[in-house]
Amino acid sequence: MGIADEMRARLEAAFAPEVLEIVNDSGRHKGHAGDDGSGESHFSVRIRAPQLAEMGRVQRHRAVNQALGDLVPRIHALALDVG
């Protein structure tokens with residue numbers, strides 16, 4: 001299972017989101033800092049879930065990072081659009 005699949009499974013389990021989009025942006029960063037050659041180093045996540053909407057911005061980001069757990073250190077960049 002790839003990182004994007006793991007991210008999807010964890011975020012769906014933690015938040016039952018109404019919207020969840022995960023985009024692997026790694027190809028756009030080939031040869032840049034943080035590109036480890038795996039093709040799974042840069043991601044963008046857009047997530048909408050009722051429990052996240054009740055939180056402040058920093059709390060939302062922390063909640064997503066906590067749900068992703070040990071995946072976060074395995075990637076170089078994670079852009080979050082959380083609500």
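## Contacts around Asp25

Contact here means heavy atoms within 4.5 Å. In this predicted model, and leaving aside neighbours within four places in sequence, Asp25 is in contact with His42, Phe43 and Ser44. Asp25 itself lies in the loop between β1 and β2, while strand β2 spans residues 42-48.

The side chains of Asp25 and Ser44 are joined by a polar contact of 2.4 Å. With a relative accessible area of 10%, Asp25 counts as buried, because the cut-off for that class is under 20%. Asp25 and Glu40 are 15 residues apart along the chain, and their C-alpha atoms are separated by 8.2 Å.

## The sheet

Strands of a sheet pair through backbone hydrogen bonds, either parallel or antiparallel. In this model 3 strands, in the order β1-β2-β3, form an open sheet with mixed pairing. Because β1 (19-24) and β3 (77-82) each have a single partner strand, they stand at the edges, and one side of each is left without a neighbour in the sheet. On average, and with direction ignored, neighbouring strands of this sheet are turned by 10° against each other.

Strands β1 and β2 run antiparallel and are joined by 6 bridges. Within this pairing, Val23 stands opposite Ser44 in β2, and Ser44 is also the residue whose side chain makes the polar contact with Asp25.

## Helices against the sheet

Helix α1 (residues 3-15) packs on the sheet, where it touches β1, β2 and β3, and its direction makes about 20° with that of β2. Helix α3 (residues 57-68), for its part, lies across β2 and β3 and runs at about 125° to β3.

How values were computed: Residues numbered from 1 in each chain as written. Predicted model: local features only at pLDDT ≥ 70, side-chain atom pairs only at ≥ 80, totals over all residues. Heavy atoms only, no water. Pairing = 2+ DSSP bridges. Helix = DSSP H or I, 4+ residues; strand = E, 2+ residues; numbered from the N terminus. Axes fitted to C-alpha atoms, helices over the stretch in contact; angles between N-to-C directions. Buried < 20%, exposed > 50% of the residue type's maximum accessible area, 1.4 Å probe, protein only. Polar contact = N/O pair within 3.5 Å; in protein donor to acceptor, adjacent residues only side chain to side chain.
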